[in-house]
Structures are given as C-alpha cells and as structure tokens.
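Subject: A structure for you to look at

Hi there,

Here is the structure I promised to pass on. Please open it beside this email and keep it in view as you read.

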Amino acid sequence: MRTYHQLTDPDRSGLADQIGAQRKRVAERLAGVRRIVAVMSGKGGVGKSYVTAHLARGLARGGRTVGVLDADLNGPTIPGLLQVPHTAQPPAIGLDGVKCISMGHFLDAGAPLAFRGPTAESFVWRGAMEASALREFLGDVEWGSLDILVLDLPPGMQRYIELCDILGNPPPVLTVTIPTPESRDAVRRAMRAAVERGSELLGIVENMVGGELKGSAGDELAQEFATPVLARIPWHPTDVVWDQVALLMSHAPHTTHHAP
Amino acid sequence: MKFLCVECDQQMAFGERQLPGDGTLAATFKCPKCGRVVAMLTNPMETQLVSSLGVEIGGRTVPAEPFEMVRTFVTDGQPALSAAKGPDGQTGTPHWSVDAQERLARVPSFVRGMVKKIYADYAKERGITEITPTIMDTARAELGLEGM
C-alpha cells in the first residue's frame, strides 16, 4: 500500500497551504511594524504587564507610535493598565495614544477565558486554540504604521515558543525580574530558552527594587548573560522613570548571545 | 490528509463536507476509478482539534474573517455550549432526560449526531423543553424515523 508522500495528487484540504496563508497574513500585517519586542519572564507576579504598559507609554510620550499585544490570554491586564474601555474594538487606543489588542476585548469583565467545545479532555485542543488566538492577534489587527510593537507575554515559556513559531523568527526580548533569588532562578530558565531559540536579549528590567524584596537577581542575570540591566524600577515610579527606561530601551544594543 | 482506495491503488477525491451542528464532522471521499465512496467521521474532540488550528478540512472557500477563531470559539464569559435564551427566558436547547440519553447512546455512532439534531430540532420547533423516550417515539412516528 502506498504511503502519504507517494500519493502525488494534491491534498484537496490543502492544510499546509492554509497554514502557510496564515503565516503570510501575519507577515503582511506586521510589515508596517518597525520593531517587535517581547517582554517576558519565567516568573509570575514580577510586573511584566506593568512594565510593558508603562514602557509603551514612555515610548509614546517620546514621540513613537506604539502598539501593545497582550499575549496573556488567561489573565489580560493591559486594557486596565492603559485604561481602554472594555467595549473598545481592537486596536483600542489607550493612555498616551498607545494602541492595544487583548483577550480582554472579547471577554466579559471578570470572566475566565473559555472556549466552546467538548469539555472532556479539553487539554488536547485548548493549547492549540490559544496559539490560534495569538496568531489572530498578530495577523488580524490593523495596526497601521508602528515604530514598535511590545508583546506582553504571560509567565512561563509556552507563549514565547508559540510566538517564535508564528513569527518565524524569534523576537528580541526584554526580561523582567524582581530582586529575589527565586525570581533569578525562574528568569534564568526563561532567558536560556530565549537564547537557545535565538532571541536577542535587549536587557533586564529589575522591578520592585528598594522595598522588602531582597536579592540581586538583576545584576546576577546581567553578568551571566552579558546583557545590561536597563533599569531598576522602584516602588511607585514616576513617569520620569518610565521615560528614562523607554529611552534606554530604544537605544539598547542588539547582540546575539549564546546560552551559558 | 489523503485517502487511498487500496483495491484500485488510487487516491480518492474529496466529495463534500457536512457539519451536523453537534460538534461532529463528516467528509466524503470517492475513488475516481471504481466510484467507491467512504466517509470520514470525526468526533467532537477531533473536530475541535482541527478547528483550533484555524483550518478547514476540504479547503477554504472564502478567506478567514478577522478574529474568526476568537469570535467563534471564545465564550465571552457565557457558559460554554450555552444556547441563546428566548423571550420566555428558556434556552433554545432542550434538555435530554437520562432515559433519552441512554436510548440515544444505542444509536450507531456514525449517525448519532444527525439523529440527535433531528430530535432536538423537533423539540425546539414545538417548544418542548425536555426530550424523553416518549417524545422520541412521537417524533419518530411523525417524522418517519423508524429504526432511530
């Protein structure tokens, strides 16, 4: 009996072509975006979304056209941080003119992300659904011309890997940590994964500095990965702090790293 | 995905796709040489897995709408698989009694989805909120569904 590749007539479903069309759609939509930056951390609760939103606002105040893609599909917080009305259609316009897309636009306030479908063994397809949602966020938003699109990734590496697959190229990453050793260890894993995938490390933002959280995660990771600590964000930072972070991020060197 | 008529050693051609509305999918394929037709029947989980990739078996006839998957599958806070409520506050989907569910389970799996839809449509058209074996008997007699 012949095997799949021995059957030479094209597959009428053209599933590979459909996937290819999806990728092309993403590429065409992002053609007007000059720079993409993924904000990531292996650790939850370090303030990725907070940093993303304020970094985006700082960049916008500096005269850049900025978009934020909230890739935290299960815990979208960007609409709240940018004070975007819940009913706004994507891309919504938030504080300082920052555009954004978020799963929050599609959910009732406080509602968890849920998909229609068979409930039994839903883990089989739920991950693919989330990856498709991310693809649609990348391919279906009419951003127009953007100087920078900032992607707010959830904790862990799953969404980053999906992002790499959809984009075709690993995006440069800005890493967020808090000072603690626990954060350092979790963020280290994420940074190693990013480097192994080929992402450029733009630098580290150490958040929640100067309070009860003790440690030197920022410096240790910076030394380990040969990438700068772009900023140490105190509790209750002012706009001036964020404007400085935005300026530093704009001039962050692009270097290729190897996993230590 | 390709289908081979082993007897003829011929690749079968896609025929048609049916979505009965119960989460299942049926697609037919025909051998161009002997004319034999086979149907591929997927269960709701298999159908969902394909849908979650944003692709369509049999090919797309129109380009995907913006946010097509998100707008189709994200429940926007409403319970999954819920039906729209009518003016009387009743959901449009009738409830299946335990006895009726057991009886439905005895229907061959490859037609079960279609049979379920027929009974559900029958009940909805008549404002019946619960499908019981008695309702199934009545529907079967009225609709000529002997054997289902």
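This is a predicted model: local features need pLDDT of at least 70, side-chain atom pairs count only at pLDDT 80 or more; totals for chains, interfaces and linings use all residues.

Residues are numbered from 1 along each chain as its sequence is written, and chains are lettered from A and ligands numbered from 1 in the order in which they are written.

Let's start with chain B. Its secondary structure comes to five helices and seven strands; helices (H or I, at least four residues) and strands (E, at least two) are DSSP runs, numbered from the N terminus. Read from the N terminus, the order of elements in chain B is β-β-β-β-β-α-α-β-α-α-β-α. Of the 148 residues in chain B, 20% are buried. Here, buried means that 20 or more other C-beta atoms lie within 10 Å of a residue's own, exposed means 12 or fewer, and partly exposed is in between, with C-beta atoms placed from the backbone.

Chain B is assigned two stretches: domain 1 (1–74) and domain 2 (79–148). Such bounds come from an automatic or database domain assignment. Five residues of domain 1 of chain B are in contact with five residues of domain 2 of chain B, where contact means that the C-beta atoms, placed from the backbone, lie within 7 Å. On the domain 1 side of chain B, the residues touching domain 2 are two nonpolar, two polar and one charged. For these classes, Ala, Val, Leu, Ile, Met, Phe, Trp, Tyr, Cys and Pro count as nonpolar, Asp, Glu, Lys and Arg as charged, and the others, Gly among them, as polar.

Now, how do the two chains meet? In chain A, 34 residues are in contact with 31 residues of chain B. Helices α1 (15–29) and α4 (123–140) of chain A each supply at least two residues of the chain A side, and α4(A) gives the most, with nine residues. By class, that side of chain A has 17 nonpolar, seven polar and 10 charged residues.

α4(A) also packs against other helices of chain A. With α5 (residues 158–167) of chain A, the angle is about 55° and the axes are 10 Å apart. Axes are lines fitted to C-alpha atoms, for helices over the stretch in contact, and angles run from 0 to 180 degrees between N-to-C directions. This makes α4(A) oblique to α5(A): angles under 35 degrees count as roughly parallel, over 145 as roughly antiparallel, 65 to 115 as roughly perpendicular and the rest as oblique. A131(A), L134(A), R135(A) and L138(A) of α4(A) meet R159(A), E162(A), L163(A) and I166(A) of α5(A).

α1(A) and α4(A) pack at about 45°, with axes 7 Å apart, so α1(A) is oblique to α4(A) as well. Q22(A), R25(A), V26(A) and R29(A) of α1(A) make this contact with R135(A), L138(A) and G139(A) of α4(A).

Most residues other than glycine have a negative phi. H236(A), not a glycine, has a positive phi of about 60°; H236(A) lies in the loop between β8 (229–234) and α8 (239–250) of chain A. D9(B) is not a glycine either and has a positive phi of about 55°, and D9(B) sits in the loop between β1 (4–5) and β2 (10–11) of chain B.

Happy exploring!

Key
Two residues are in contact if their C-beta atoms, placed from the backbone, lie within 7 Å.
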